[in-house]
Amino acid sequence: VLGLAQLKPAIQIFASIIRHNKSMASSVDQGDNIKYILVTGGVISGIGKGIISSSLGTLLKACGYRVTSIKIDPYINIDAGTFSPYEHGEVYVLDDGAEVDLDLGNYERYLDVTLHRDNNITTGKIYQQVINKERRGDFLGKTVQVVPHITDAVQEWVQRVARVPVDSSDQIPQICIVELGGVIGDIESMPFVEAFRQFQFNVGVNRFACIHVSLVPEPRTTGEQKTKPTQMSVRELRALGLSPHLLACRCATPLNQSAADKLAMFCHVAPAQVINVPDANSLYKVPIMLKDQGVHHFLLRHFQLDCGGPPTHVSLDDWHELAKRDAQALDEVHIGIVGKYVKFPDAYTSITKALEHACLDANLTLRIEYINSEDLEQGVGGERRVAYHNAWQRLCSAQGIIVPGGFGDRGVEGKINAIDWCRKMHRPFLGICLGMQCAVIEFARNVLGWRDANSTEFSKDTQHPVVIDMPEFNPGDMGGTMRLGKRRTTFVVDQSVSTVRRLYKNAPYVEERHRHRFEVNPKMVDELEQQGLRFTGRDGERMEILELAEHPYFVGVQFHPEYLSRPMRPSPVFTGLVLAVSGGLQKRHRMRLLSEQRSIDTEQVQLVDRLKALDGPSSTSAIVGGEGDVDNQ
């Protein structure tokens, strides 16, 4: 009895540890058996973890499994909404209005799923959640620490989000791919690495896999693939408690056998677990590349999903077709993107992808010209005079122009000048968000004669505020205060008047994602429309789509159509731009109308056949609405 009394404190501590582990395990095993794949990076950032994660998800989805994705960004920001595009590229917007990392755009495009705000984890979100719990007293006075409170919060977040349906089946996903941003060894990612070190034991070894994506450089001076950086990266990963199940080697040229054998020896993996991911001329080849090396076979065996036998037939026919089109298309379209962030093309990733999707659909190759809108502004002199002439030369050589969104007045006058040239020269034009607003400003100045027409974002004192701030706009906090997420736009004209409505197959409305603080002033719409600028799509009093009559393709949209473009389902407005450039827009319209007419004719024939099959001529006559010959009716 005395001995038990002395051991009581230790027994209590041990019991508390057991209860904690059981609670963590039970939170995972409540009615699901989700498998988790952690994708980490080594040596350098921006190595392609997002594309590999997306391609891996595509491959597993082709195996017949439901797949979801989570992106972890170790920065302290709550979300990506206040980032400059020069920091992390574009800000991607989800259906629910979340402003997230651009990698979630890759997930949605490749997997054809709809993700949510919690699919993007940041250090700021985790710490905010834990601190809020501490303020409420949820920790009962305990000292709140990185371990276990932060690490537990990460695990609980991943487990909760992994159960959220992301596709039309509305069923819980079976596999969750988690991409950890940055590089192993970064100080800001340490709590997440520790969380997954614990996580692998909480979920079980057959439900967790780690894929390490690392660079295998090939210096020009030696021409030899160097494995030491990857060896050191894997050593760092293993020292932190995680061992890779697959080693994805990024290299300029295919990984040679001697380098693969050396990596297998020093990185504690079998030779078959070293995956060769060289640079490819088309990103649509990456899922095929992973399939050819049997990545899906290894993972399904590891997760015990194939019951010891080969998985069902894996079809990547659509991706083979995309890669084939990308390689074989001969005719080229030359599109200019006039923006203020063109020095960093990742700022326009979704627009670039949407153009690629549209060109693949039309069997065309794409050449993009990035044009700095500041260089198009009048009055540029001195050293920038050459840049001014070069910018206008590149603008005039482009077959179609896109003016994308942005914030602030820098480069706006250059965008307006480019739009003025497109309107006068009948050059196909697509304005997105701010691009649409600039089109309204240009039209008001040069057609209506309102020389001071402007947006209140750039000029508070203008006498003609054709673009104004929305009532919901909060001039205080900048993050999350815009009009965000998917919203409905209703067409207010017939397809005979609206090219955009025809592109959307005569749908009465469209639902697209938004991200803006300013809108077209509804009080000035009548005067603009009287001069030929038609607002063909609206959301109540908000102008969402504008078109210009007597122009090959002059379209502005307040929403961001690029966010919902998919490789197999390109955005209609981007398709319209590409077809207008290539001369195939009217042909596409005629083909669609012919297809609709054939469909109507088929339905009429089927209706007559059903009428003939009715019992007795009296019932037939009653249904067709009169007496006489059924065929004539």
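Select phenylalanine 199: it is buried, with a relative accessible area of 1%. Buried means under 20% relative accessible area, exposed over 50%, and partly exposed in between (1.4 Å probe, protein chains only). This is a predicted model, where local features need pLDDT of at least 70, side-chain atom pairs count only at pLDDT 80 or more, and totals for chains, interfaces and linings use all residues. Residues are numbered from 1 along each chain as its sequence is written, and side-chain values use heavy atoms, leaving out hydrogens and water.

Rings of Phe, Tyr and Trp (its six-membered ring) pair if their centres lie within 6.5 Å; planes under 30 degrees apart are stacked, over 60 edge-to-face, the rest tilted. Now show Tyr36 and Phe196, which form one aromatic cluster with Phe199 and Phe208.

Jump to arginine 488. Its charged end sits over the ring of tyrosine 509, 3.6 Å from the centre. The rule: NZ of Lys or CZ of Arg is within 6 Å of the ring centre and within 35 degrees of the ring normal.

Finish at helix 9, residues 257-266. Helices (H or I, at least four residues) and strands (E, at least two) are DSSP runs, numbered from the N terminus. Colour Ala259, Ala260, Leu263 and Ala264: they are buried. What carries the face turned away from them? Gln257, Ser258 and Met265 are there, exposed. Last stop: histidine 268 follows helix 9, with a positive phi near 65°.
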